[in-house]
Amino acid sequence: RHVSTPGNCPSPPQPPPLPPLGPSDDMDDAHRRHHVRSTARWTASVVAGQLLCPYAIPLSRRLDDVSPLLRIVSFSSNDEDAIVSAVRHEAELLVGPSSGVHLHETTLLVFDSAAVAKWDSLVRLSWKMQSDAIVAEGYGNLLQLVLFHPQAVHSTYATTGEEDAADFSIRSPFPTVHLLREEDVMRAVRGSEEAGGKMDLRGLPAKNKAKLRALGAQRCADKLAECYRN
């Protein structure tokens, strides 16, 4: 399931630069930890903290602590085929063995790659991810694929130069592919209904847009920027 394709909107402020990749494994490890830590903070403080996705709430226990149900993986490559292969590998892990025993419920695959540095590049490559890593492997009815990006925009035909705070509902610290199982999404829907509609999933995207617009683009940008802190 894909988000809308990008339009000709002005580029949002870019995130703080990452520490450069160095020749040592220590630097590579630090780089990956930065990706994972920032993404975990975003999941907890923005996605779950602002109730943008009720499915994320039980996966984020507190700000710098990642639930074992949530797998966050940092992947670095500028090769598009390698990126698609990484999605295929994570999809296979998420579907799990035929025994039905799952080690985690959802995956955030975070990219450090010039190939998806731009929002429209990630959207374009996502069609290959969907066809080659999901559908071709028989996971089309089992998994959903959702995109997030620091430059993500909802509207294809933006007509104003003003930044829309609603776009922060699909913005993340780094280019990210979210893989989740269809059965878990349906379970979250049923849980919401059983809770008496406390979190109504119908019309949730529109509600999120209204909520973020009320908060304002600058405050949304500040909250995203807080995720990068060391």
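Helix H3 has a kink of about 30°, centred on Met-129. The bend at a residue is the angle between two fitted axes, one for the seven residues ending there and one for the seven starting there. This is a predicted model, in which local features need pLDDT of at least 70 and side-chain atom pairs count only at pLDDT 80 or more, while totals for chains, interfaces and linings use all residues. Residues are numbered from 1 along each chain as its sequence is written, and side-chain values use heavy atoms, with hydrogens and water left out.

**Helix H3**

- Helices (H or I, at least four residues) and strands (E, at least two) are DSSP runs, numbered from the N terminus.
- The 17 residues of H3 should span 24 Å at 1.5 Å a residue, and the 23 Å between its end C-alpha atoms agrees with that. The expected span is 1.5 Å times one less than the number of residues in the helix.
- Which residues of H3 are buried? Among them are Trp-119, Leu-122, Leu-125, Met-129 and Ile-134. Here, buried means under 20% relative accessible area, exposed means over 50%, and partly exposed lies in between (1.4 Å probe, protein chains only).
- The cover over the buried residues of H3 includes H2, strand E4 (106-112), E5 and strand E6 (176-181).

**Salt bridges**

- How many salt bridges does a search of the whole structure find? The search finds 9. A salt bridge is a side-chain nitrogen of Lys or Arg within 4 Å of a carboxyl oxygen of Asp or Glu.
- Glu-90 and Arg-71 join their side chains in a salt bridge, 2.7 Å from N to O. Glu-90 lies in helix H2 (residues 80-95) and Arg-71 in strand E3 (residues 70-76), so this pair ties together parts that are 19 residues apart in sequence.
- Arg-88 is partly exposed, with a relative accessible area of 25%, and Glu-137 is partly exposed at 38%.
- Within H3, Lys-128 forms a salt bridge with Asp-132, and their closest N and O atoms are 2.8 Å apart. About one helical turn separates the two, because they are 4 residues apart in helix H3.
- Lys-128 counts as partly exposed at 32% relative accessibility, and Asp-132 counts as partly exposed at 26%.
- Elsewhere, salt bridges that share partners join Glu-163, Asp-167 and Arg-171 into one network.

**Cysteines**

- A disulfide is a covalent bond between the sulfur atoms of two cysteines. The search for one asks for a pair of cysteine sulfur atoms within 2.5 Å, and across the whole structure it finds 0 disulfides.
- Cys-220 is buried, with a relative accessible area of 5%, and Cys-227 is buried too, at 1%.

**His-34**

- Where does His-34 lie? His-34 lies in helix H1 (residues 25-48), and this residue is buried, with a relative accessible area of 6%.
- His-34 and Ser-74 are 40 residues apart in sequence, and their C-alpha atoms are 9.1 Å apart in space.

Key. Contact means heavy atoms within 4.5 Å.
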